[in-house]
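Student: I would like to learn how to read the inside of a protein model, going slowly from one feature to the next. Could we look at the structure together?

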Amino acid sequence: MKVKTMAEMMAAGETPEILFWVGCAGSFDQRAQKITKAFAIILDKVGINYAILGKEEMCTGDPARRAGNEFLFQMMAYQNIQVLNNYGIKKMVTTCPHCFNIFKNEYPELGGNYEVVHHTTFLQQLIDEGKIRLKDSDTFKGKKITYHDSCYLGRGNGIYEAPRKVLEALDAELIEMPRCGKNGLCCGAGGAQMFKEEEKGNKRINWERADEAINTGSNIIAAACPFCNTMLTDGVKAAEKETDVKVMDIAELIAASLGGPLSPGGGT
């Protein structure tokens, strides 16, 4: 795929509609790279003029701040703000709720003021505007899908409706888990927990959450966060349900419905 960087665009005297903030998971994690690709495919298909920072993009510093290293967070944040402000970035879209949350709620106090949109909200807007048409697609017709609320998207920022509206547009059956919305259960990755060993307990939290999802009888567990995707995939493997249940990002579901080169399950 040929995706323009901000440096290339500025050199050509162009300005993108949006900056696609890819994030560390979307850049380096093999599974999350497929989510990045799916979202880029959607942007290309609907004709959105966008760019990425490429090698100029650093980690937002979210894991560092959550783990208690405030100095490292501020160092990374100031560097990102300098790059973003130099390019005059006003609007960005990200596929990671952690990046979304920290840009929206924590960067402004350091001088980083941007309109930040999570990709589920952006996809809902594209569907509402008629730029994404799924009426002719029956890729997921008759499938049962359950949606897992990311903590940083749901409880952190009150975004519950957008991802569900996008899933409803797929013409699949949306089945809610008992713990959903404001009462959703964390996958166990947030707050830098992704990067440490869990404390002793009776059962891993991601296994518990994956079991809840599997028990809905759904073929697909829809996620909207690369961390949640990893944790739920691990839970599905632990339950030995890999052949029956796929964990997919909402962007992958939409890309597949638009005829993108993505099979259900995220394979390319």
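Student: Which residues line the largest cavity?

Tutor: The general idea is that rolling a probe the size of a water molecule over the atoms shows where empty space is left. In this structure, which is a predicted model, the largest cavity is lined by His98, His148, Ser150, Cys151, Tyr152, Cys186, Cys187, Ala189, Gly190 and Cys228. Sorted by class, that lining has 6 nonpolar and 4 polar residues, with no charged residue among them.

Student: How many cavities of 30 Å³ or more does the structure hold, and what volume does the largest cavity have?

Tutor: There is 1 cavity of 30 Å³ or more, and the volume of the largest cavity comes to about 60 Å³.

Student: Now to the helices: at what angle do H8 and H11 pack?

Tutor: Two packed helices are described by the angle between their axes and the distance between the axes. Here helix H8, residues 161-168, packs against helix H11, residues 250-257, at an angle of about 25 degrees, and their axes lie 10 Å apart. That angle makes H8 roughly parallel to H11, and the crossing of the pair is left-handed. On the H8 side the contact is made by Pro163, Val166 and Leu167, while H11 contributes Ile250, Leu253 and Ile254. By class, this contact has 6 nonpolar residues, and no polar or charged ones.

Student: Which residues make the contact between H7 and H11?

Tutor: Let us begin with the geometry. Helix H7 spans residues 119-128, and its axis comes within 10 Å of the axis of H11, crossing at roughly 30 degrees, which makes H7 roughly parallel to H11. The contact is formed by His119, Thr120, Leu123 and Ile127 of H7 together with Ile250, Ala251 and Ile254 of H11. Its residues divide into 5 nonpolar and 2 polar, with no charged residue.

Student: And how should I read the remaining pair: are H7 and H8 parallel or oblique to each other?

Tutor: The axes of H7 and H8 come within 8 Å and cross at roughly 50 degrees, and the two helices are therefore oblique to each other. Their crossing is left-handed.

Student: Which residues meet where H7 and H8 pack?

Tutor: From H7, Thr120, Thr121, Leu123, Gln124 and Ile127 meet Ala162, Pro163, Lys165 and Val166 of H8. By class, this contact has 5 nonpolar, 3 polar and 1 charged residues.

Technical notes: Residues numbered from 1 in each chain as written. Predicted model: local features only at pLDDT ≥ 70, side-chain atom pairs only at ≥ 80, totals over all residues. Heavy atoms only, no water. Axes fitted to C-alpha atoms, helices over the stretch in contact; angles between N-to-C directions. Helix = DSSP H or I, 4+ residues; strand = E, 2+ residues; numbered from the N terminus. Parallel < 35°, antiparallel > 145°, perpendicular 65-115°, else oblique. Left-handed = near helix turned anticlockwise from the far one by under 90°. Contact = heavy atoms within 4.5 Å. Nonpolar A, V, L, I, M, F, W, Y, C, P; charged D, E, K, R; others polar. 1 Å grid on protein atoms, 1.4 Å probe; cavity = no way out; pocket = protein on both sides within 12 Å on 5 of 7 lines; lining within 4 Å. Points joined across faces, edges and corners; volume = space filled by probe spheres on them.
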